[in-house]
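Hi,

Here is the structure I promised to pass on.

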Amino acid sequence: GTASRQKGFLGCIRSLRLNGVTLDLEERAKITPGVKPGCLGHCSSYGNLCHNGGRCIEKYNGYSCNCSHSAYDGPFCKKEISALFEPGTSLIYTLEESSTTVKNLSDSSSSISSDITLLRENIAFSFRTTHAPCILLYISSLDEEYLAVTLSRNGKSKTLMH
């Protein structure tokens, strides 16, 4: 309710917490005259905040743009991060090896613990081309191991590892 000399609140309240407990404003609004359940969030209130196919994600105190399924980056998916390749060209990146060393303590009866090196890589990319066959991605290590993603003449992709 409102105090006798103050005007009531006009607007939207989202994610109200009291002593660490989130209060269900929507259920209370359903039984309170003059209060409607639900609020439009940032994503639906202000139009298209995320550009170039970016997806708007509501947060309790704002929003963010997920640009991962586009060729754009930045807070509003406006910074282009793609490249156009001419015949016979490529890009080369030299990456430092990242690893995590973990002690193997699975056998509690053993007084000797061995070190295990864990490596993990995630690769995601999109492409568009009218020229096949071609190599889309080639990654090699100093140990002569490699990963290649190729596009065959019939348009099917193939992943090769050694």
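Below are my notes on the disulfides, a serine in a loop, a sheet and the aromatic pairs.

Some housekeeping first: this is a predicted model, so local features need pLDDT of at least 70 and side-chain atom pairs count only at pLDDT 80 or more, while totals for chains, interfaces and linings use all residues. Residues are numbered from 1 along each chain as its sequence is written, and side-chain values use heavy atoms, with hydrogens and water left out.

**Disulfides**

Searching the whole structure turns up three disulfides (a disulfide being a pair of cysteine sulfur atoms within 2.5 Å). One is formed by C43 and C56, with the sulfur atoms 1.9 Å apart. It links distant parts of the chain, C43 in helix α2 and C56 in strand β3, 13 residues apart. Helices (H or I, at least four residues) and strands (E, at least two) are DSSP runs, numbered from the N terminus. The torsion about the S-S bond of C43 and C56 is about -80°, so this disulfide is left-handed. C56 is partly exposed at 25% relative accessibility; buried means under 20% relative accessible area, exposed over 50%, and partly exposed in between (1.4 Å probe, protein chains only).

Another disulfide joins C50 to C65, S to S 2.0 Å. Here C50 sits in the loop between α2 and β3 and C65 in strand β4, 15 residues apart. C50 and C65 are both buried, and their link is left-handed, with -85° about the S-S bond.

Then there is C67 with C77, also joined by a disulfide (S to S 2.0 Å). The torsion about the S-S bond of C67 and C77 is about -90°, so that disulfide is left-handed too. C67 lies in the loop between β4 and β5 and C77 in the loop between β5 and β6 (79-80), so the pair ties together parts that are 10 residues apart in sequence. Both C67 and C77 are buried.

**S70**

S70 is in the loop between β4 (62-66) and β5 (72-73), and at 17% relative accessibility it counts as buried. Its side chain reaches the backbone oxygen of C67 at 2.9 Å. A polar atom of the S70 side chain also lies 3.2 Å from the backbone nitrogen of Y72.

**The sheet**

There is an open sheet of three strands, ordered β9-β10-β11 with antiparallel pairing (two strands pair if DSSP finds at least two bridges between them). Its edge strands, β9 (134-140) and β11 (157-161), each pair on one side only. Strand β10 (residues 146-151) is joined to β11 by five bridges. Among the facing residues, A148 stands opposite L160, and V149 has T159 as its bridge partner. The hairpin of β10 and β11 has five residues between the strands, and G155 takes a positive phi near 90° there. Of the five residues of β11, the number buried is zero, so this strand lies largely in the open.

**Aromatic pairs**

The structure holds two aromatic pairs. F125 and F127 make a tilted one, 6.3 Å centre to centre with 40° between the planes. Rings of Phe, Tyr and Trp (its six-membered ring) pair if their centres lie within 6.5 Å; planes under 30 degrees apart count as stacked, over 60 as edge-to-face and the rest as tilted. Y138 and Y146 have ring centres 5.7 Å apart and planes at 20°, so that pair is stacked. Y146 is partly exposed, with a relative accessible area of 29%.

Cheers

Notes
Polar contact = N/O pair within 3.5 Å; in protein donor to acceptor, adjacent residues only side chain to side chain.
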